[in-house]
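Dear colleague,

I am passing the structure below on to you, with the notes I made while going through it. Please read them with the structure open beside the text.

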Amino acid sequence: MIDGLLILLLFQFLGELVIHFTGLPLPAPVVGMVLLLLALMFSVPYSDRVADASGALIRHISLLIFPLGVGIVLQWERYSDYALALTVAVIFGTILALVLVTLLLKLLLRDRVKAGERGGRADG
Amino acid sequence: MADLVHSPLFGLLLTLASYRLATWLYGKVHSLPLFHPFIVASIPVIVVLPLVGVSYTEYRDQTQVLSFLLGPATVALAWPLYRQLHTVRSVWRPILITTFIGAALAAGISIYLAWWLGAPEAVVGSLAPKSITTPIAVEVVKSTGGYVSLAAGAVAITGIVGALVGGLVFRLLGVKDDRIRGFALGLVAHAIGTARAFEFSEKAGAFAGLALGLTGLVTALALPWLWPLISPWLFPG
């Protein structure tokens with residue numbers, strides 16, 4: 001667990017360093033994620049020790065985001081003027097995007113049902 | 001006595017207790033999306049804070065340690081992404097094409113609808129990253145000049161809507177392929193959609209996890225560059 005946290009914080013810091021020296025308009029944790037992915041793909045020693053800490057953090061993303069997300073209700077007076085735009089964009093927009101993405105996948109994966117059957121092993 | 005509520009201990013205790021209650025209830029109702037822990041946990045917090053006289057801004061400061069962990073949680077997404085790379089080797093081309101088009105669609109539709117209905121720039125900018133996983137969304141929203149709390153709320157509601165309608169959409173469109181069900185849910189409805197995908201099958205879950213990682217990555221890499229081009233066009237002057 002400590003190893004995992006150490007690796008995650010280290011890669012987040014590396015992300016900050018990259019942003020600092022390049023001025024790229026990107027979120028530092030995202031750069032850190034790409035760097036960690038590369039480290040894992042190139043089997044950098046000890047990089048797979050992130051497993052436990054990663055699993056724990058990802059499982060509880062709802063908790064981590066909660067204090068920020070609950071602001072949509074607690075600061076509603078700030079957003080209530082745009083209630084219609086928000087409701088339509090979030091609810092209808094999500095349904096429309098889901099339908100379109102599903103249709104796109106159907107079209108693209110149609111001829112590959114057999115080719116793609118292999119390798120569906122999942123990790124919780 | 002009154003000053004006891006003005007400490008991080010109070011905010012964290014309230015948050016963890018509400019969240020624990022919510023996850024317990026979520027298990028009781030067999031993960032019904034409408035009872036998502038995010039929705040249930042918000043009820044006691046919304047009721048208690050005004051009662052004890054703690055403002056939202058103060059509550060957010062009290063619980064800063066949780067928000068801080070969103071950074072490492074984003075970096076952590078590299079792990080499931082890495083683990084699932086092998087599952088898609090044979091279909092990487094349609095997967096990548098869908099990621100690019102799908103990420104653009106998910107963001108574009110919400111940007112367009114909110115703009116069309118007259119929302120101002122900061123509100124539209126808050127909705128742009130709504131289909132990507134929360135830790136990445138709250139980082140990306142800083143580059144679009146949106147509100148963090150609005151973005152985080154929109155992301156959560158997007159996930160819940162996606163998980164709620166997913167089964168119906170797939171039935172109406174005659175989709176039985178778990179790769180499609182999983183990838184579509186993960187792309188549009190991030191972590192909450194991924195949890196829903198695991199209820200279809202492990203394979204659907206793996207594809208959803210992959211979609212979540214890829215969409216988050218593509219959006220996070222593209223939006224900070226594209227937003228300065230889109231925004232002056234939608235909001236001239």
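Helices in these notes are DSSP runs of H or I with at least four residues, numbered from the N terminus. Please keep in mind throughout that this is a predicted model.

With helices understood in that sense, Leu16(B) is found in helix α1 of chain B. Leu16(B) is partly exposed, as 15 other C-beta atoms lie within 10 Å, and although Leu16(B) and Ala41(B) are 25 residues apart in sequence, their C-alpha atoms are 8.9 Å apart in space.

The helix that holds Leu16(B) deserves a description of its own. Helix α1 of chain B runs over residues 8-28, which gives 21 residues, and from its first C-alpha to its last it reaches 30 Å, close to the 30 Å expected at 1.5 Å a residue. Which residues of α1(B) are buried? They are Phe10(B), Gly11(B), Leu14(B), Thr15(B), Ser18(B), Tyr19(B), Ala22(B) and Tyr26(B). Because these residues cover an arc of only 150° around the axis, they are on the same side of α1(B). The face turned away from that buried side carries the exposed residues Leu9(B), Leu13(B), Trp24(B), Gly27(B) and Lys28(B). As for what covers the buried residues of α1(B), the cover includes α4 (61-69) of chain A, together with α2 (37-52), α3 (56-62) and α4 (64-68) of chain B.

Beyond the helix, α1(B) is followed by His30(B), whose phi is positive, near 55°. The loop between α1 and α2 of chain B is also the place of Leu32(B), a residue that counts as exposed because it has 12 C-beta neighbours inside 10 Å, and 12 or fewer is the cut-off for that class. Leu32(B) and Leu164(B) are 132 residues apart in sequence, yet from C-alpha to C-alpha they are 8.3 Å apart in space.

Turning to chain A, its secondary structure comes to seven helices and zero strands, so that the pattern read along the sequence is α-α-α-α-α-α-α. Of the 124 residues in chain A, 44% are buried, and among contacts in this chain between residues at least 6 apart in sequence, 42% join residues at least 24 apart.

Is α4(A) enclosed by the rest of the structure or open to the outside? Nine of the nine residues of α4(A) are buried, so this helix is largely enclosed by the rest of the structure; the residues concerned are Ile61(A), Ser62(A), Leu63(A), Leu64(A), Ile65(A), Phe66(A), Pro67(A), Leu68(A) and Gly69(A).

The two chains meet through 73 residues of chain A, which are in contact with 95 residues of chain B. On the side of chain A that touches chain B, at least two residues each are supplied by α1 (2-22), α2 (28-41), α3 (51-59), α4, α5 (71-74) and α7 (83-109), and α7(A) gives the most to that side, with 24 residues.

Two helix pairs between the chains can be described in detail.

Within chain B, the axes of α10(B) and α11(B), residues 178-200, come within 8 Å and cross at roughly 130°. These helices are therefore oblique to each other, and their crossing is left-handed. Among the residues that make the contact are Val155(B), Gly159(B), Gly162(B), Ala163(B) and Gly166(B) of α10(B), and Leu185(B), Val188(B), Ala189(B), Ile192(B) and Gly193(B) of α11(B).

With best regards

Definitions and conventions
Residues numbered from 1 in each chain as written. Chains lettered and ligands numbered in written order. Predicted model: local features only at pLDDT ≥ 70, side-chain atom pairs only at ≥ 80, totals over all residues. Expected span 1.5 Å × (residues − 1). Buried ≥ 20, exposed ≤ 12 C-beta atoms within 10 Å, placed from the backbone. Arc of directions from axis to C-beta. Contact = placed C-beta atoms within 7 Å. Axes fitted to C-alpha atoms, helices over the stretch in contact; angles between N-to-C directions. Parallel < 35°, antiparallel > 145°, perpendicular 65-115°, else oblique. Left-handed = near helix turned anticlockwise from the far one by under 90°.
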